[in-house]
Each structure stands twice: as C-alpha cells, then as structure tokens.
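Dear colleague,

Here is the structure for you to look over.

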Amino acid sequence: MNTLLIRVAAFVAMLFLLAGAASADGDHDAPAASAGPALPRFAAVSDTFELVGVLNGKQLTMYLDRFADNSPVKDAQLDLEIDGAKVQATPHGEGEFEALLAEAPKAGVLSIVVTVVAGKESDLLAGELDIHEAAHADTAAARPRWQRMATWAIGALLALGLLAWLGRRMTAARQRRIGGAA
C-alpha cells in the first residue's frame, strides 16, 4: 500500500513538471510582443498606386508601391496635404517617404490627400487617418510569469496536501483492519 502512495505522488509530480514545461513561454527565443496599441495608419489606393502611412508622434512614414505588382515606386515625388495643411514629404529609400508634422495631431479623423508624380504617371490619392486617444495604462495585460508560476506552485502544494491526507487515511484504515498497533 505504501508503494502505491509513492507511485501516485511521483505521477502527480511528473504531471506538474510536464504541464509547467508545456506552458512555458518562449521568451528566450523571441522578444515579447508589445502590449500597447498599434500606431495609427491610413491607406490610399488608386488603379495605379497604393500608399500606406504610419504615424508615430509627429513623424509620418509612408510606403508607396504599384497597385498591379506591389513593387516599390522609384523616383516618385509626393505632395502631401493633411486636413488642408501642406506638409513636406521627403524620399527615404525606395518607395519610402517621411514627413515631419509641426505638432502631433489630436484625436480625431484627419483627411489626407496625396498627389503622386512618378515619371510620366501622376495620380491623386485620398485617405483618412483615424487617431484615437491613448489607451488607459491600467488595461489588463498578460499575467506576468511569476504569477503563472505561483499558480502552479499553489496547485502542486494542494496536490501534495491531498496526497498526504489520503496516505494518513489509508494507513489508519490498514491499522484498523490489522487490529491496531502491537
């Protein structure tokens, strides 16, 4: 009967070790994902061009490519207008442009109009940039690793306590069957 208790305890301990290994996150292999909201973005599309913009504070980064094959547009010039105000866009690589706004835009929807001139081709693209207020800092993120480990440790202690209680009951029942201690 005592060997049965040892086998059950070893089995439960092995289950907890395997469950802990299976739930381990791969934080050693890859950087943790950002828990914050994504940066505001806009897209403007025509039959010839596609333009995607990403706003990070006062800096607007834009990516221009051809609609047909998604290849970056070389040697293009962008004339940018955000809510009626003209903004200078400078090339920053093949199909990549940057613009620095005078100030970070406030929450709301901004209209964006871009005139694209690339060689003999030109097009007018329009889009909207929807900026939301910053998310609250108290939003629930994923539980930290120490909390997950504490949950497993409490579960293991409860399982060991249950095994000890069962062992005492089995020992007491065996002694009653034998006729008490000699």
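What does the secondary structure of the protein chain come to? It comes to two helices and eight strands. Helices (H or I, at least four residues) and strands (E, at least two) are DSSP runs, numbered from the N terminus.

First, the ground rules. This is a predicted model, in which local features need pLDDT of at least 70 and side-chain atom pairs count only at pLDDT 80 or more, while totals for chains, interfaces and linings use all residues. Residues are numbered from 1 along each chain as its sequence is written, and side-chain values use heavy atoms, with hydrogens and water left out.

**Overall**

From the N terminus on, the elements run α-β-β-β-β-β-β-β-β-α. The protein chain has 182 residues, and 21% of them count as buried (under 20% relative accessible area; exposed is over 50%, partly exposed in between; 1.4 Å probe, protein chains only). Take the contacts (heavy atoms within 4.5 Å) with a separation of 6 or more: residues 24 or more positions apart account for 51% of them.

**The sheet**

The eight strands form an open sheet. Their order is S1-S2-S3-S6-S5-S4-S7-S8, and the pairing is antiparallel. Two strands pair if DSSP finds at least two bridges between them. Strand S1 (41-45) and strand S8 (121-131) are the edge strands, each pairing on one side only. From one strand to the next, the twist averages 25 degrees (axes are lines fitted to C-alpha atoms, for helices over the stretch in contact; angles run from 0 to 180 degrees between N-to-C directions). S1 pairs with strand S2 (residues 49-56) over five bridges, in the antiparallel sense. Ala44 stands opposite Leu51 in S2.

**Pro105**

Pro105 sits in the loop between strand S6 (96-100) and strand S7 (108-118). Is Pro105 buried, exposed or partly exposed? Pro105 counts as partly exposed because its relative accessibility is 24%. Beyond its neighbours within four places in sequence, Pro105 is in contact with Leu55, Gly57, Leu110 and Ile131. Gly57 is 48 residues from Pro105 in sequence, yet their C-alpha atoms are 7.8 Å apart.

**Helix H2**

Helix H2 (residues 145-178) has 34 residues. From first C-alpha to last, H2 reaches 50 Å, close to the 50 Å expected at 1.5 Å a residue (1.5 Å times one less than the number of residues). Its buried residues are Ala159, Leu163 and Gly167. Gly179 follows H2, with a positive phi near 115 degrees.

Best wishes
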